[in-house]
Amino acid sequence: MSPDTQPRIKEIPFDELSVVQFFRERKDKNGRSWSVEEIKEEEAHLVPIETDSFLGCGDGRLIEASTPQIKQKYIRGPKIFGALGGFAGLLGDASKQGLVKACEILKFHGILPAVHGDNHKGIHGCGQNGVWEKNGYSQMPAMETTREDIKEIAEENGGVSVNHLNDHGEQSLDIILNPSLTAEPDNTRFIINAGTILPILKEQGKTDENILWTMTAETVEGLSDTMRTVRIIR
Ligand SMILES: [Zn+2]
């Protein structure tokens with residue numbers, strides 16, 4: 001793997017143990033704890049993140065896209081909950097202007113914006129956006145635009161919209177710390193590329209890693225009443 005086949009992610013160290021500590025201490029609103037497992041990346045069926053791939057959603061369901069090339073660049077791209085919208089929220093500006101700026105920051109790092117729906121709810125198929133619309137995030141600004149606006153901004157800035165398929169079946173939340181590796185969605189796990197996204201957030205002055213861990217936990221807790229298993233992959 002030569003360096004120019006990967007997104008341009010500056011090596012900014014982060015505290016890999018902060019995620020373990022966060023989830024060990026985390027309780028959901030019903031007082032339920034998380035089960036925390038630490039997995040070696042060799043055992044986690046990971047694939048390289050491709051250059052000019054899309055920032056996808058951590059949604060683990062299978063994907064359909066308008067072309068095989070778009071599908072490939074989506075499943076081989078980094079992932080956080082909410083894709084472009086989630087990233088803008090983590091940066092602290094969920095306005096239209098903030099979304100455009102988020103696209104520019106991604107593109108600077110060799111990543112393209114994306115949004116998604118699903119094959120039964122259309123553009124309303126992103127669970128992160130659903131939690132966000134109900135003001136379910138304690139450390140992110142409220143959603144200031146519609147899902148349609150976010151899709152339009154992604155598409156105007158070199159991005160795409162894809163659909164996830166059918167119903168959720170994820171049995172774990174997988175948090176990947178290697179900045180160059182991701183997982184292809186196969187409906188067994190939610191996928192968060194913390195190692196790719198945290199350095200970019202830090203470069204933008206968002207130095208507290210807990211904002212990403214909190215948004216990630218609040219998404220799963222908002223989507224599932226039962227799944228509380230996180231696997232930290234490093
Ligand atoms: Zn989503």
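How many helices and strands are there in the chain? The chain holds 8 helices and 11 strands, and the model that shows them is a predicted one.

**Overall form**

Along the principal axes, the C-alpha atoms fill a box of roughly 40 × 40 × 35 Å. Of the 234 residues, 44% count as buried, and among the contacts with a separation of 6 or more, 74% come from residues 24 or more positions apart.

Strands of a sheet pair through backbone hydrogen bonds, in either a parallel or an antiparallel way. In this model, 3 strands form an open sheet of mixed pairing, in the order β4-β7-β6. Because β4 (63-64) and β6 (114-118) stand at the edges, each with a single partner strand, one side of each is left without a neighbour in the sheet. The pairing of β4 with β7 (residues 160-164) is antiparallel and runs over 2 bridges, and Glu64 has Asn163 in β7 as its bridge partner. Helix α2 (residues 68-75) lies across β4, β6 and β7, and runs at about 80° to β7.

Which residues of α3 are buried? They are Ala83, Leu84, Gly85, Gly86, Phe87, Ala88, Gly89, Leu90 and Leu91, so that, with 9 of its 9 residues buried, helix α3 (residues 83-91) is mostly covered.

| Element | Residues |
|---|---|
| α5 | 127-133 |
| α7 | 194-203 |
| α8 | 210-223 |
| α4 | 96-108 |
| α6 | 147-156 |
| β6 | 114-118 |

After α3 comes Gly92, which has a positive phi, near 95°.

Two of the covering elements, α4 and α6, also pack against one another, at an angle of about 35° and with their axes 10 Å apart, in a right-handed crossing. On the α4 side the contact is made by Lys96, Leu99, Val100 and Cys103, which meet Asp149, Ile150, Ile153 and Ala154 in α6. By class, this contact has 6 nonpolar and 2 charged residues, and no polar ones.

How values were computed. Residues are numbered from 1 along each chain as its sequence is written. This is a predicted model: local features need pLDDT of at least 70, side-chain atom pairs count only at pLDDT 80 or more; totals for chains, interfaces and linings use all residues. Two strands pair if DSSP finds at least two bridges between them. Helices (H or I, at least four residues) and strands (E, at least two) are DSSP runs, numbered from the N terminus. Two residues are in contact if their C-beta atoms, placed from the backbone, lie within 7 Å. Axes are lines fitted to C-alpha atoms, for helices over the stretch in contact, and angles run from 0 to 180 degrees between N-to-C directions. A crossing is left-handed if the near helix is turned anticlockwise from the far one by less than a right angle, and right-handed if clockwise. Ala, Val, Leu, Ile, Met, Phe, Trp, Tyr, Cys and Pro count as nonpolar, Asp, Glu, Lys and Arg as charged, and the others, Gly among them, as polar. A residue is buried if 20 or more other C-beta atoms lie within 10 Å of its own, exposed if 12 or fewer, and partly exposed in between; C-beta atoms are placed from the backbone.
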